[in-house]
Amino acid sequence: MDNTSSSDQQTRSETLGDPNCPICAGVGWVHQDLPITHPDFGKIKVCVCRQADVAHQAQERLYRLSNLSAFKHMTLESFRPEGRMGLGDQQSASLQIAHNQATHFSQNPSGWLLFMGTYGCGKTHLAAAIANEVLQRGQAVLFLTVPDLLDWLRFSYSSPESTFEQRFEEIRNIHLLILDDLGTQNATPWSEEKLYQILNYRYVHRLPTVITSNQSLDEIEGRIRSRLKDPELVSLVKILAPDFRSPVREEQVNTISTLGLLTDSTFGTFNLRERENLDPNQKRSLSTAFRAASDFAETPQGWLVLTGPYGCGKTHLAAAIGNYRSGLGEEPIFVVVPDFLDHLRATFSPNSSVSYDRLFEQVRSAPLLILDDLGTQSATPWAREKLYQIFNYRYNAKLPTVITTSNELGEMDPRIRSRMLDNRLCSIYAILAPAYVNAPDLGRSSSKKR
């Protein structure tokens with residue numbers, strides 16, 4: 001009875017060469033004809049008939065070690081540096097810069113490369129693409145999310161295959177280490193210490209390392225942050241593009257925010273000269289509102305309220321603020337108040353793909369929220385309560401907010417009005433100009449310059 005295990009048989013078969021090979025006759029190894037003084041005297045080497053297989057086996061081993069099986073489709077070629085439609089110039093430029101940096105680093109890994117940006121912006125794709133590129137050249141790479149890295153170390157305490165010390169040394173000394181999602185780990189004293197020891201070792205020995213994080217540097221543990229701030233070793237790449245993957249974010253862009261429908265509403269297309277028929281007070285109010293909106297777009301702080309009749313230009317100015325900030329890589333949310341409340345009600349449907357809580361929280365805590373047509377919504381108790389909750393949250397958090405309304409402030413919910421009348425936070429500009437009417441293109445102008 002043959003007691004040889006199948007794994008042993010497979011191992012032996014992998015070491016055998018071509019049975020028809022005239023050099024090794026199928027053994028797979030050959031003795032080298034060297035003088036006795038040669039350092040390789042007496043050593044055997046792989047026969048030429050097996051070199052391709054050996055190279056393939058080595059590549060497979062590196063691939064298993066690298067933990068890249070789930071990311072093999074992420075390459076530099078499959079990355080879209082132009083991003084998706086609708087990105088601002090700075091967002092698209094940041095993607096192109098990140099792609100160029102990743103390409104350059106993959107050709108000659110040296111120093112550290114730090115990708116920072118929101119979830120789904122493309123930083124993991126680029127990190128994995130670097131790993132795949134380097135691995136193809138036969139160099140050892142280890143790609144791990146930081147939580148997985150720490151779990152891998154914890155598991156080694158009970159692993160029969162390797163000790164903690166062996167695994168720890170393997171991570172510290174790997175040719176290229178790629179750590180994805182720094183900052184998402186459970187911040188226990190043990191995890192912080194192990195992570196610091198790994199990164200500090202690689203920092204001292206200047207070993208090639210790629211790190212991705214959605215946190216700001218100020219949020220990262222102090223000792224690690226000090227290493228990441230070293231400009232002589234670390235190249236910092238900030239990706240300004242939004243999340244490509246999130247269905248909730250796509251729902252926000254496509255159905256909640258209507259800013260995409262107003263992309264031509266910019267400060268450059270707001271032509272004050274076309275309104276020469278206005279009286280001095282009307283002109284002055286329009287010019288003042290324009291300057292206030294421009295200043296707010298440069299530095300969004302507090303609340304900006306634009307009041308005036310339908311078609312006077314307040315929606316154009318509000319959208320111009322949103323488009324300006326979007327061009328800087330930010331993600332303002334622009335909603336028409338009645339439409340937002342309709343979307344919010346729709347989340348109660350069992351067929352809704354977006355939960356009420358997530359949608360409400362997105363709008364309530366948006367870094368910049370633009371609320372158009374406040375006062376035209378249905379004045380139900382539920383609607384009043386939801387709006388008050390949004391206003392009150394943003395008032396207490398002092399979050400930048402732009403509001404347009406054709407109503408008198410006296411017609412507002414008293415709780416909301418009291419927040420809007422706080423001149424420490426809120427600036428109100430009344431546009432006295434009548435509805436803008438451009439005779440040759442009445443429909444477009446009236447719809448875009450409320």
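Buried means under 20% relative accessible area, exposed means over 50%, and partly exposed lies in between (1.4 Å probe, protein chains only). The model shown here is predicted, so local features need pLDDT of at least 70 and side-chain atom pairs count only at pLDDT 80 or more, while totals for chains, interfaces and linings use all residues. Residues are numbered from 1 along each chain as its sequence is written, and side-chain values use heavy atoms, with hydrogens and water left out.

**View 1. Glu330 and Arg325 meet in a salt bridge.** A salt bridge here is a side-chain nitrogen of Lys or Arg within 4 Å of a carboxyl oxygen of Asp or Glu. In this pair the N to O distance is 2.5 Å. Arg325 is buried, at 8% relative accessible area, whereas Glu330 is partly exposed at 33%. By the salt-bridge rule, the count comes to nine.

**View 2. Glu193 forms a salt bridge with Arg223.** Their closest N and O atoms are 3.2 Å apart. Glu193 lies in helix H7 (residues 189–204) and Arg223 in helix H8 (residues 222–228), so the pair ties together parts that are 30 residues apart in sequence. Helices (H or I, at least four residues) and strands (E, at least two) are DSSP runs, numbered from the N terminus. Both partners are partly exposed: Glu193 has 30% relative accessibility and Arg223 has 29%.

**View 3. Arg206 and Asp230 join two loops.** Their salt bridge spans 3.8 Å from N to O. Arg206 sits in the loop between H7 and strand E6 (209–213), and Asp230 in the loop between H8 and strand E7 (234–238), so this pair links parts 24 residues apart in sequence. Arg206 is partly exposed at 39%, while Asp230 is buried at 13%.

**View 4. Five strands form an open sheet with parallel pairing.** Follow the strands in the order E4-E5-E6-E3-E7. Two strands pair if DSSP finds at least two bridges between them. At the edges are strand E4 (141–145) and E7, each pairing on one side only. The twist averages 10 degrees from one strand to the next; axes are lines fitted to C-alpha atoms, for helices over the stretch in contact, and angles run from 0 to 180 degrees between N-to-C directions.

**View 5. Strand E5 (residues 176–180) runs parallel to E6.** Three bridges join these strands. Look for Leu179, whose bridge partner in E6 is Ile211.
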